Amino acid sequence: MSKMVEVYGHVQGIRKLGRIGFIVLRTFDSIEQVTVKKENVSEETWRLFKEELGLEYFIRVRGEYVESSIAKLGREILAKEIEVIAPSKPLPIDLSDKVEAEFPTRIRYRYLDIRRPKVKAILKVRSTLLRAAREFFYKMGFVELNFPIIIATATEGGANLFPVKYFDRQAYLAQSAQLYKQSAIPVFGKVFTIGPSFRAEKSRTRKHLTEFWQIDVEKALTTPDELMEIQFKLVKYIHEQILEHNERELEILKVKLEVPEYYHKLSYDEALEVIRRKGFDIKWGEDFGSDEERALCTSFDQPVFVTEFPEQVVAFYYKVKEDDPRLAHRIDMYGPGEYGVEWSSGGLREHDPEKLRRRMIAKGLNPENFGWYLDMFNYGFPPHGGFGMGVERLLQSILKLDKIHETVLYPRTPDILEP
Ligand code: AMO
């Protein structure tokens with residue numbers, strides 16, 4: 001095997017011995033081993049290699065591929081010529097994955113941190129997750145839509161809105177696509193979007209971001225069972241696609257991915273029992289906090305759906321159960337195990353404008369702020385339901401990451417606004 005090649009990449013590692021040396025070259029899609037021998041290169045290339053070249057220099061290497069039993073790819077490049085395209089300052093953080101800098105330092109230099117193989121691997125898996133979700137819904141005949149980000153009202157309750165000055169009016173960043181995805185139901189029947197949500201929550205936890213992405217889905221004439229089935233199949237397909245396309249990334253991240261085989265379905269009351277058995281004193285009518293959620297997730301090794309939440313903990317747009325008005329048709333999905341978190345929330349929606357108006361008032365919201373939303377239900381609005389799945393939380397569970405921040409290129413939290 002001998003073939004002349006020209007490769008561009010960053011110097012990820014460099015080792016200089018007497019008349020020979022090695023470069024680990026990180027190209028955009030692989031890691032190449034480059035061997036530089038004094039007798040094979042010009043004086044200028046040898047000088048450059050010995051005296052100038054440093055970590056993260058972006059270089060062009062011309063040489064030939066030769067077989068190698070020690071290189072990972074089974075080949076190495078025997079350099080003939082090296083050219084520096086762009087030099088690099090000495091690095092403020094280690095990028096080798098060997099010594100990980102403290103988290104705040106990594107974030108400060110996130111534009112360099114993302115060059116680390118581990119971070120790159122996470123972001124590549126994220127890309128597969130998004131493509132798989134999109135593919136899944138296209139195959140099922142859903143229409144992909146885009147909803148406004150600058151909006152006039154709260155969609156998930158008023159507490160955690162980011163205000164935006166909109167000329168002489170007050171606007172907000174969307175907490176979700178909720179009201180808008182519902183508005184498209186009479187037209188398309190099956191819609192989805194993959195887009196950002198913004199929440200001004202001062203939660204400094206391993207699973208909260210102020211800007212996160214949702215796979216937001218809405219379907220006419222659906223049932224709780226169908227919504228669970230769709231979500232389970234979606235998550236399964238995402239796992240399968242990651243297994244198929246990200247073997248190398250999973251190896252870098254040392255993750256053994258297991259495709260979900262089936263799911264558990266518990267009522268809220270049954271979930272309370274599981275949580276109480278783990279020693280938590282949660283009262284009927286309370287939503288699950290982080291500790292309760294953890295107790296639930298670690299009780300299972302397959303995804304779990306919890307259905308029929310108490311009416312007082314669900315948002316105004318959920319449908320109350322007709323035969324038991326203490327309960328509403330909300331369904332949450334949880335990932336299993338140590339890294340399990342709430343993957344999604346969803347359920348059936350109320351489409352009777354008068355009932356909706358009353359629920360808004362009961363929940364302390366002013367129906368006047370929801371004029372167009374309430375009005376749209378007066379024009380032949382089909383019954384419907386849907387869900388919003390958190391992209392970062394799902395990825396965090398899949399890749400068994402301690403911090404959700406690792407799943408985004410540039411995380412946003414109460415403390416992080418730059419870069
Ligand atoms: P909810 O507010 O439960 O529901 O959000 C849906 C999913 O989004 C993820 N998520 C978050 N991820 C990171 N940081 C956060 N601060 C954060 N908050 C939520 C979670 C959660 O399950 N409109 C409804 C969905 C629907 O009913 O269709 C909604 O927004 O994974």
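**A helix, a sheet and a patch**

Mentor: Just after α9, G279 takes a positive phi of about 95 degrees. Bear in mind that this is a predicted model, where local features need pLDDT of at least 70, side-chain atom pairs count only at pLDDT 80 or more, and totals for chains, interfaces and linings use all residues. Residues are numbered from 1 along each chain as its sequence is written, and side-chain values use heavy atoms, leaving out hydrogens and water.

Now back up into α9 itself, residues 268-277. Helices here are DSSP runs of H or I with at least four residues, strands are runs of E with at least two, and both are numbered from the N terminus. The buried residues of α9 are Y268, A271, L272, V274 and I275. Those residues sit on the same side of α9, because they cover an arc of only 160 degrees around the axis. That arc is taken from the directions between the helix axis and the C-beta atoms. "Buried" means under 20% relative accessible area, "exposed" means over 50%, and "partly exposed" lies in between (1.4 Å probe, protein chains only). What do the buried residues of α9 pack against? Their partners are β12 (264-267), α10 (290-297) and β13 (304-310), with contact meaning heavy atoms within 4.5 Å.

Three strands form an open sheet in the order β7-β9-β8, paired antiparallel. Both β7 and β8 (163-166) are edge strands with a single partner each, so one side of each has no neighbour in the sheet. Four bridges link β8 to β9 (residues 169-173), and K165 stands opposite Q170 in β9. For two strands to pair, DSSP has to find at least two bridges between them.

Last comes the surface. I149, I150, Y166 and F167 make a nonpolar patch of about 410 Å². Patch residues have over 30% relative accessible area and no salt bridge; like charges are joined within 9 Å, and nonpolar side chains (Val, Leu, Ile, Met, Phe, Trp, Tyr) within 5 Å. A salt bridge is a side-chain nitrogen of Lys or Arg within 4 Å of a carboxyl oxygen of Asp or Glu. Accessible areas come from the Shrake-Rupley method with a 1.4 Å probe, and for residues only the protein chains shown count as cover. I149 counts as partly exposed because its relative accessibility is 32%.
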